[in-house]
Amino acid sequence: MEFVKLKVYVENLDSLIRQECTGTAVEFSKKLGVSERTLQYHIQQLREIGINVIYDSNKKTYKYSEKGCLAFGFNHEEMNRIKGGGISIKYLPSTVLLNFE
């Protein structure tokens, strides 16, 4: 996925979850332009890094179990502590920063 498309994807995914208007997994995946399997994989990845995304069957939407948002950006201080390449994902209260080197 191209960098700009990845940024837009993460922002859209986060916005729909925060607004609690994702719909079912099938509807959510269509809104994001990915397969249902890809969406489920991305939700699982979020859970693996400590972001609890749950499905509310009454409202038929995915939502965060606690207030917060994903933030996609550059954190200069964090990058100075990283040696080597790769992606650093940091969880901050109510925010997740995705930092790319």
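Student: Where is Phe 3 found in this predicted model?

Tutor: Phe 3 is found in helix α1.

Student: Why does Phe 3 count as partly exposed?

Tutor: Its relative accessibility is 47%. Buried means under 20% and exposed means over 50%, with partly exposed in between, so Phe 3 counts as partly exposed.

Student: What makes the nonpolar surface patch here?

Tutor: Phe 3, Val 4 and Val 8 make it, with an area of about 280 Å². A patch residue needs over 30% relative accessible area, and Phe 3 has 47% relative accessibility.

Student: Nice. Now on to α2: which residues of that helix are buried?

Tutor: Ala 25, Phe 28, Ser 29 and Leu 32 are, in the helix spanning residues 25-32.

Student: How do you know that they are on the same side of α2?

Tutor: Their directions cover an arc of only 100° around the axis, so they sit on the same side of α2. The buried residues of α2 pack against α1 (3-18), α3 (36-48) and β2.

Student: And why are β1 and β2 called paired strands?

Tutor: Pairing takes at least two bridges. Strand β1 (residues 53-56) and β2 have four bridges, in the antiparallel sense, so by that cut-off they pair. Ile 54, for instance, stands opposite Lys 63 in β2.

Student: Which way do the residues of β2 point?

Tutor: Thr 61 and Lys 63 point one way, Tyr 62 and Tyr 64 the other way, and all are buried. In a regular strand, side chains alternate between the two faces of the sheet.

Notes
Residues are numbered from 1 along each chain as its sequence is written. This is a predicted model: local features need pLDDT of at least 70, side-chain atom pairs count only at pLDDT 80 or more; totals for chains, interfaces and linings use all residues. Side-chain values use heavy atoms; hydrogens and water are left out. Buried means under 20% relative accessible area, exposed over 50%, partly exposed in between (1.4 Å probe, protein chains only). Helices (H or I, at least four residues) and strands (E, at least two) are DSSP runs, numbered from the N terminus. The arc is that of the directions from the helix axis to the C-beta atoms. Contact means heavy atoms within 4.5 Å. Patches are made of residues with over 30% relative accessible area and no salt bridge: like charges are joined within 9 Å, nonpolar side chains (Val, Leu, Ile, Met, Phe, Trp, Tyr) within 5 Å. Accessible areas come from the Shrake-Rupley method with a 1.4 Å probe; for residues, only the protein chains shown count as cover. A salt bridge is a side-chain nitrogen of Lys or Arg within 4 Å of a carboxyl oxygen of Asp or Glu.
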